[in-house]
Amino acid sequence: MKQEFAQESHNDSLSLVRFFLHQTLHTFCFLLTALAFDPLQKIMAIGNRTGKVRIYGRPGVDLEFEHKKEVAVLKIIFVVNTGRLLTA
């Protein structure tokens with residue numbers, strides 16, 4: 001009986017996490033204007049038209065930043081062997 005309860009609560013919490021993650025990604029990606037992927041570091045960066053850039057990588061790598069002005073991110077470039085990212 002205890003195992004069933006633990007399993008039910010675990011599934012409920014996963015559903016909530018999945019729901020919030022889907023909502024966040026959907027809102028961000030709806031405004032998508034630029035995309036870049038670095039195959040060496042296995043990192044993907046996406047930019048949107050409100051000036052935000054989001055970086056995804058291995059588990060635990062999820063970073064978001066935004067430009068000072070609300071302008072569209074039209075291009076993203078990973079600078080080779082520097083760990084830097086350029087946006088325009």
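H67 touches G51, V53, V73 and T87, where residues up to four places away in sequence are not counted and contact means heavy atoms within 4.5 Å. This is a predicted model, in which local features need pLDDT of at least 70 and side-chain atom pairs count only at pLDDT 80 or more, while totals for chains, interfaces and linings use all residues. Residues are numbered from 1 along each chain as its sequence is written, and side-chain values use heavy atoms, with hydrogens and water left out.

- H67 lies in the loop between β4 (62-66) and β5 (76-79); helices (H or I, at least four residues) and strands (E, at least two) are DSSP runs, numbered from the N terminus.
- With a relative accessibility of 26%, H67 counts as partly exposed, a class that falls between buried (under 20% relative accessible area) and exposed (over 50%), computed with a 1.4 Å probe and protein chains only.
- Although H67 and G51 are 16 residues apart along the chain, their C-alpha atoms are separated by 5.3 Å.
- The side chains of H67 and T87 are joined by a polar contact of 3.0 Å, a term for a pair of N or O atoms within 3.5 Å; within protein, one must be able to donate a hydrogen and the other to accept it, and residues adjacent in sequence count only if both atoms are side-chain atoms.

**The four-stranded sheet**

- Four strands form an open sheet in the order β1-β2-β3-β4, with antiparallel pairing, where two strands pair if DSSP finds at least two bridges between them.
- The edge strands of this sheet are β1 and β4, each of which pairs on one side only.
- From one strand to the next the twist averages 15°, an angle taken between N-to-C directions, on a range from 0 to 180 degrees, of axes that are lines fitted to C-alpha atoms.
- Strands of a sheet pair, in general, through backbone hydrogen bonds, and they do so either parallel or antiparallel.
- Strand β1 (residues 32-38) pairs with β2 in the antiparallel sense over six bridges; here A34 stands opposite G47 in β2, and D38 stands opposite I43 in β2.
- Between strand β2 (residues 43-48) and β3 the antiparallel pairing runs over four bridges, and I46 stands opposite R54 in β3.
- β3 and β4 also run antiparallel, joined by five bridges, with Y56 opposite D62 in β4.
- Strand β3 (residues 52-56) is largely enclosed by the rest of the structure, because four of its five residues are buried.

**Turns and positive phi angles**

- The hairpin of β1 and β2 has four residues between the strands, and K42 in this hairpin takes a positive phi near 55°, although K42 is not a glycine.
- K42 is found in the loop between β1 and β2 and counts as partly exposed, at 48% relative accessibility.
- In the hairpin of β2 and β3, with three residues between the strands, G51 has a positive phi near 95°.
- The backbone nitrogen of G51 lies 3.3 Å from a polar atom of the side chain of N48, a residue of strand β2 that is buried, with a relative accessible area of 2%.
- Five residues lie between β3 and β4 in their hairpin, where G60 in the turn has a positive phi of about 95°.
- N81, found in the loop between β5 and β6 (84-87), has a positive phi of about 60° although it is not a glycine, and N81 is exposed, with a relative accessible area of 75%.

**The chain as a whole and its confidence**

- The chain has one helix and six strands, and from the N terminus on its elements run α-β-β-β-β-β-β.
- Of the 88 residues in the chain, 19% are buried.
- The accessible surface of the chain comes to about 7200 Å², of which 61% belongs to carbon and sulfur atoms; such areas come from the Shrake-Rupley method with a 1.4 Å probe, and for residues only the protein chains shown count as cover.
- The mean pLDDT of the chain is 75, and 66% of its residues reach 70 or more, pLDDT being the predictor's confidence in each residue, from 0 to 100.
- Among the elements of the chain, β5 has the highest mean pLDDT (94) and helix α1 (residues 2-30) the lowest (47).
- Over residues 1-24 pLDDT stays under 50, and for this stretch the model has one contact beyond four places in sequence.
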